[in-house]
Amino acid sequence: MQTSYLLHITAELKNLNQIRNFVETSATALGFELDVIPNVQLAVDEVATNVMLHGYRGQGGTLEIEIERVGGDLIVRLRDEAAPFDPTTVPAPNLTLPLANRPIGGLGVYLVRRAMDQVYHRVTSTGGNELTLVKHGAGEKK
Amino acid sequence: MASEFQITISQQQGRVPVTVFHIEGDVIDVNSYEQLEAQARTAFEAGARNLLLDMTKVKYISSAGLRALHAIFVMLRADTPSESDETMKKGLMDGSFKSPHLKLLNPSPAVLETLRVMGFDMFLEVHRNLKDAIASF
């Protein structure tokens with residue numbers, strides 16, 4: 001029985017829909033509930049968009065997305081060859097500030113942290129990034 | 001394939017005229033948020049001051065979509081000198097402030113959750129049917 005799925009894709013904005021579909025198809029095949037899939041899609045969308053816009057600066061590049069089931073956990077790993085950037089170090093936005101005074105940015109990373117249970121970053125052996133997103137015990141279909 | 005993003009606009013009349021954006025597209029993301037903002041701006045420049053976003057078909061909204069909502073909220077406030085920043089700030093703190101000019105119709109549970117996580121439910125009213133939504137402006 002397949003426990004992981006892998007997508008190699010060019011990091012371009014037009015591929016975001018394909019990436020979202022990949023998340024939905026894989027997570028469903030791995031037996032995860034439909035109610036957690038939008039959260040995972042959101043997190044992957046945010047990370048992939050940041051890789052496209054900031055990592056590769058709109059020039060495109062490779063992106064590998066692996067979705068795996070380990071026990072009851074859904075694990076997504078996103079790997080790119082952009083310059084090392086650790087999004088877990090981006091400070092959370094100050095949501096108590098009046099809206100007009102809030103700085104733009106930081107929302108995407110914050111959403112990822114809220115949508116997933118754990119987020120880890122490491123620099124790969126080729127000098128790129130690997131971001132691991134974990135959703136614990138995402139309600140399983142029995 | 002994602003459904004193509006487009007917005008159908010209808011004008012409704014409650015106590016005040018309300019412009020309704022029926023969003024036909026299942027995501028508001030980095031590829032579609034600019035279109036939403038641009039159409040809101042066009043409507044504003046044509047005189048629209050009360051905007052209802054019909055989110056019935058939207059499956060989820062990313063941070064880019066949230067930025068569009070924020071930009072539209074700020075734009076609709078620009079023409080209302082009677083609603084001061086101080087009033088809004090106080091209202092946000094005690095939970096009493098909701099935008100009188102920008103409201104949402106029927107967001108999905110996933111969209112609502114994203115809005116809640118980012119605190120957008122603090123300033124945006126949500127309605128479940130069109131009639132009540134129009135009447136609320």
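Where is A:Arg57 found in chain A? A:Arg57 lies in the loop between helix 2 and strand 2 of chain A. This and the further points below concern a predicted model.

1. Backbone at A:Arg57. Although A:Arg57 is not a glycine, its phi is positive, at about 50 degrees. The residue counts as exposed because its relative accessibility is 67%, and the cut-off for that class is over 50%. The loop that holds A:Arg57, between helix 2 and strand 2 of chain A, also contains A:Gly60.

2. A:Gly60. In contrast to the exposed A:Arg57, A:Gly60 is buried, with a relative accessible area of 17%. Between A:Gly60 and A:Ala48 there are 11 Å in space, C-alpha to C-alpha, and the two are 12 residues apart in sequence.

3. Backbone at B:Asn106. Chain B also has a residue other than glycine with a positive phi, namely B:Asn106, where the value is near 55 degrees. B:Asn106 sits in the loop between strand 6 (102–105) and helix 4 of chain B. With a relative accessible area of 25%, B:Asn106 is partly exposed.

4. Overall architecture of chain A. Three helices and five strands make up the secondary structure of chain A. Their order along the sequence is β-α-α-β-β-α-β-β. Chain A has 142 residues, of which 51% count as buried. If contacts in chain A between residues at least 6 apart in sequence are considered, 63% of them join residues at least 24 apart.

5. Helix 3 of chain A. This helix spans 107–115 and is mostly covered, with seven of its nine residues buried. The buried residues are A:Leu107, A:Gly108, A:Val109, A:Tyr110, A:Leu111, A:Val112 and A:Ala115. Within chain A they pack against helix 2, strand 4 and strand 5. From chain B, helix 2 and helix 4 (109–117) are also among their packing partners.

6. B:Ser62 and its contacts. Which residues are in contact with B:Ser62, leaving aside its neighbours within four places in sequence? From chain A these are A:Leu42, A:Asp45, A:Glu46 and A:Leu111; from chain B they are B:Ile28, B:Asp29 and B:Val30. B:Ser62 itself is found in the loop between strand 5 (60–61) and helix 2 of chain B. B:Ser62 is buried because its relative accessible area, 2%, falls under the 20% cut-off.

7. The largest pocket. The volume of the largest pocket is about 550 Å³. It is lined by 32 residues, and those closest to its centre are A:Asn50, A:Val51, A:His54, A:Phe85 and A:Val109. Chain A supplies at least two lining residues from each of helix 2 (37–55), strand 3 (73–80), helix 3 (107–115), strand 4 (118–123) and strand 5 (129–135). Helix 2 (63–77) of chain B likewise supplies at least two. The largest share, nine residues, comes from helix 2 of chain A. By residue class, the lining divides into 16 nonpolar, 11 polar and five charged residues.

8. Salt bridges. The count over all chains comes to 12 salt bridges. One of them joins A:Glu130 and A:Arg122, at 2.8 Å from N to O. In this pair, A:Glu130 is buried, with a relative accessible area of 8%, whereas A:Arg122 is partly exposed at 43%. Both belong to one network of salt bridges that share partners, together with A:Glu64, A:Glu66, A:Glu68, A:Arg77 and A:Arg79. Within that network, A:Glu68 bridges to A:Arg77, with 2.8 Å between the closest N and O atoms.

9. A further salt bridge. The side chains of A:Glu12 and A:Lys14 also meet in a salt bridge, at 3.2 Å from N to O. Of the two partners, A:Glu12 is partly exposed, with a relative accessible area of 29%, and A:Lys14 counts as exposed at 65% relative accessibility.

Notes:
Residues are numbered from 1 along each chain as its sequence is written. Chains are lettered from A and ligands numbered from 1 in the order in which they are written. This is a predicted model: local features need pLDDT of at least 70, side-chain atom pairs count only at pLDDT 80 or more; totals for chains, interfaces and linings use all residues. Side-chain values use heavy atoms; hydrogens and water are left out. Helices (H or I, at least four residues) and strands (E, at least two) are DSSP runs, numbered from the N terminus. Buried means under 20% relative accessible area, exposed over 50%, partly exposed in between (1.4 Å probe, protein chains only). Contact means heavy atoms within 4.5 Å. A salt bridge is a side-chain nitrogen of Lys or Arg within 4 Å of a carboxyl oxygen of Asp or Glu. On a 1 Å grid over the protein atoms alone, a cavity is a set of points where a 1.4 Å probe fits but cannot get out, and a pocket is an open set with protein on both sides within 12 Å along at least five of seven lines; lining residues have an atom within 4 Å of a point. Grid points are joined across faces, edges and corners, and a volume is the space filled by probe spheres set on the points. Ala, Val, Leu, Ile, Met, Phe, Trp, Tyr, Cys and Pro count as nonpolar, Asp, Glu, Lys and Arg as charged, and the others, Gly among them, as polar.
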